[in-house]
Structures are given as structure tokens and as C-alpha cells.
Amino acid sequence: MNTNLTESSSAPLAETPEEISRRRFFEKLSIALVGLCTAIVGVPLVGFIVAPFFRKLPEKWVTIGKPGDFQIGKTVAVTVIDPSSLPWAGVTAKSAV
């Protein structure tokens, strides 16, 4: 059995202070780059999630009809288009009142 292999693999490697500082530099550089990439991806994601809370929806009155068009005790179906819907909402923008 070759004892040189076992001795060399179990012996700690001697490192000079320059190598240690270089390793620490690359370690901190990698951590900083990961943090930068996380911020680049995370900031728009957080903005996408939080933006609807600060967006004011348009308030618009919709004319349904004159009071004479409706009789007390009778149900009349009236369809209106929701003013706060998105332009591509299509049929789902229609609401019944």
C-alpha cells in the first residue's frame, strides 16, 4: 500500500496569507454579486406585487336608465359595461344590475 497518498490527502494544506486573502476577496465578491442579482430580480417582482395597492381605480358613474323605466316590485335586467375593467376584458366587462 502506498503511504504517500494517504499522508498527502490527510495533511492540511499550507496556505500563505496572500492566498487566504484572495479567497476571502472572491468569497465576498461572489456574495455581493449574488446579492446584486437578487436585487435586480427582486425589486421589479416586489413592485409588481405592491403596485395594485397604490393604483387608484377610475370612478365613473354609469347611466342605467330613467326612474320611469323601472316599476316597483318588478325585476328588470340591465347590462352595463364596467368602467374599471381592462380594455381586453371583452364579455367579462359586462355586468348586470
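Here is a quick walk through this predicted model, from its overall layout to a few side chains.

Numbering starts from 1 along each chain as its sequence is written, and side-chain values use heavy atoms, with hydrogens and water left out. Because this is a predicted model, local features need pLDDT of at least 70 and side-chain atom pairs count only at pLDDT 80 or more, while totals for chains, interfaces and linings use all residues.

**Layout and confidence**

The protein has two helices and two strands, and along the sequence they run α-α-β-β. Both kinds of element are DSSP runs numbered from the N terminus: helices are H or I with at least four residues, strands are E with at least two.

How confident is the predictor? The mean pLDDT (its confidence in each residue, from 0 to 100) is 81, and 79% of the residues reach 70 or more. Confidence is lowest in helix α1 (residues 3-10), with a mean of 54, and highest in α2, at 89.

**Surface**

Of the 97 residues, 3% count as buried. Buried means under 20% relative accessible area, exposed over 50%, and partly exposed in between (1.4 Å probe, protein chains only). The protein exposes about 9,400 Å², and carbon and sulfur atoms supply 67% of that. These areas come from the Shrake-Rupley method with a 1.4 Å probe; for residues, only the protein chains shown count as cover.

There's a nonpolar surface patch made of Phe25, Phe26, Leu29, Leu33, Leu36, Ile40 and Val41, with about 700 Å² of accessible area together. Patch members have over 30% relative accessible area and no salt bridge; like charges are joined within 9 Å, nonpolar side chains (Val, Leu, Ile, Met, Phe, Trp, Tyr) within 5 Å. Phe26 sits in helix α2 (residues 17-54).

| Residue | Relative accessibility | Class |
|---|---|---|
| Arg24 | 47% | partly exposed |
| Phe26 | 46% | partly exposed |
| Glu27 | 40% | partly exposed |
| Lys60 | 63% | exposed |

**Contacts**

Which side chains meet in a salt bridge? Arg24 and Glu27 do, at 3.3 Å, N to O. The rule asks for a side-chain nitrogen of Lys or Arg within 4 Å of a carboxyl oxygen of Asp or Glu, and the count comes to one. Both residues lie in helix α2, three residues apart, about one turn of the helix.

Lys60 belongs to the loop between α2 and β1 (79-81). The C-alpha atoms of Lys60 and Ser84 are 8.2 Å apart, with the two residues separated by 24 residues along the chain.

Note on methods
pLDDT is the predictor's confidence in each residue, from 0 to 100.
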